[in-house]
Amino acid sequence: LAFGRTLTSRASTNTVVRIAQLKNVPSTGLLVVRPSDFNIDTLKFANVVLLGSPRANPWVELFENELNFRYVYDEHTQHSAFQDHRAKPGEPRDYPTDSKTSYCRVAYLPNLSGSGNILNIAGTETEGTEGGGEFVTNDHAIQQIRDRLGIPTGPLPYFEALLRSDRVGGATPHLTIVAVRRLTVNR
């Protein structure tokens, strides 16, 4: 796991705890590091969970161009959004956050060498990332992703999902799936 900033946010801590409690995660195989202590070899040869957007975690930038939903931040307005670079007809291109709405992208793709996997949970802000962490550690929520992909059981294919939530008191109590896309990454 690699997550943003020198000081760990409550959201990142909560997400790490949720992931560590999953039944398929061996306690000896979980290593938690800050991005400044992380290295490229890990992204080449290990399974990795990257928490945060490219603004919070610079390692995420290595995968951003492979994704449909890309994180953007407007310095002037100080607002975040996701842009769908392959929007389907009738779908919006922009998914901006505001004081009442949060978004999170969950992307599951191969690592840099294709020998492992990367899971990126990236919110438009801290609450979105925490909500995404809750989502991916919930069996019912993962089944919703499976249903959207048409994969009821078995290994998940590489995908990305855009999630939306209302923001209430600094939290995202209920996320809904906006869109799910299969990813084809050639490495």
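Asp-84 counts as buried because its relative accessibility is 1%, where buried means under 20% relative accessible area, exposed over 50% and partly exposed in between, with a 1.4 Å probe and protein chains only. The model is predicted: local features need pLDDT of at least 70, side-chain atom pairs count only at pLDDT 80 or more, and totals for chains, interfaces and linings use all residues. Residues are numbered from 1 along each chain as its sequence is written, and side-chain values use heavy atoms, with hydrogens and water left out.

Asp-84 forms a salt bridge with Arg-181, with 2.8 Å between the closest N and O atoms; a salt bridge is a side-chain nitrogen of Lys or Arg within 4 Å of a carboxyl oxygen of Asp or Glu. This pair links distant parts of the chain, since Asp-84 is in strand β4 and Arg-181 in strand β9 (residues 175-182), 97 residues apart. Helices (H or I, at least four residues) and strands (E, at least two) are DSSP runs, numbered from the N terminus. Arg-181 has a relative accessible area of 7%, so Arg-181 is buried as well.

By the same cut-off, the count comes to 6 salt bridges. Another of them joins the side chains of Arg-167 and Glu-125, at 3.6 Å from N to O. Arg-167 lies in the loop between β8 and β9 and Glu-125 in the loop between β7 (117-123) and α4, so the pair ties together parts that are 42 residues apart in sequence. Arg-167 is partly exposed because its relative accessibility is 25%, while Glu-125, at 15%, counts as buried. Asp-166 and Arg-164 also meet through their side chains in a salt bridge, at 3.1 Å from N to O. Salt bridges that share partners join Asp-84, Glu-91 and Arg-181 into one network.

Strand β4 also has a partner strand. Strands β3 (residues 69-74) and β4 (residues 79-84) run antiparallel and are joined by 6 bridges; two strands pair if DSSP finds at least two bridges between them. Val-72 stands opposite Ala-81 in β4. The two strands form a hairpin with 4 residues between them, and Gln-78 in the turn has a positive phi of about 55 degrees.

Next comes helix α4. Of its 11 residues, 9 are buried, so that α4 is mostly covered; among the buried ones are Phe-135 and Val-136. Thr-137 is found in the loop between α4 and α5 and counts as buried because its relative accessibility is 18%. A polar atom of the Thr-137 side chain lies 2.9 Å from the backbone oxygen of Gly-133. The backbone oxygen of Glu-134 lies 3.2 Å from a polar atom of that side chain.

Where is the space inside the model? A search of the whole structure finds 1 cavity of 30 Å³ or more, a cavity being a set of points on a 1 Å grid over the protein atoms alone where a 1.4 Å probe fits but cannot get out. About 30 Å³ of space lies in the largest cavity, the volume being the space filled by probe spheres set on the points, which are joined across faces, edges and corners. Lining residues, which have an atom within 4 Å of a point, are Val-106, Phe-135, Val-136, Ile-142, Ile-145, Phe-159 and Ala-161. Helices α4 (126-136) and α5 (139-149) and strand β8 (159-166) each supply at least two residues of this lining.

How values were computed:
On a 1 Å grid over the protein atoms alone, a cavity is a set of points where a 1.4 Å probe fits but cannot get out, and a pocket is an open set with protein on both sides within 12 Å along at least five of seven lines; lining residues have an atom within 4 Å of a point. A polar contact is a pair of N or O atoms within 3.5 Å; within protein, one must be able to donate a hydrogen and the other to accept it, and residues adjacent in sequence count only if both atoms are side-chain atoms.
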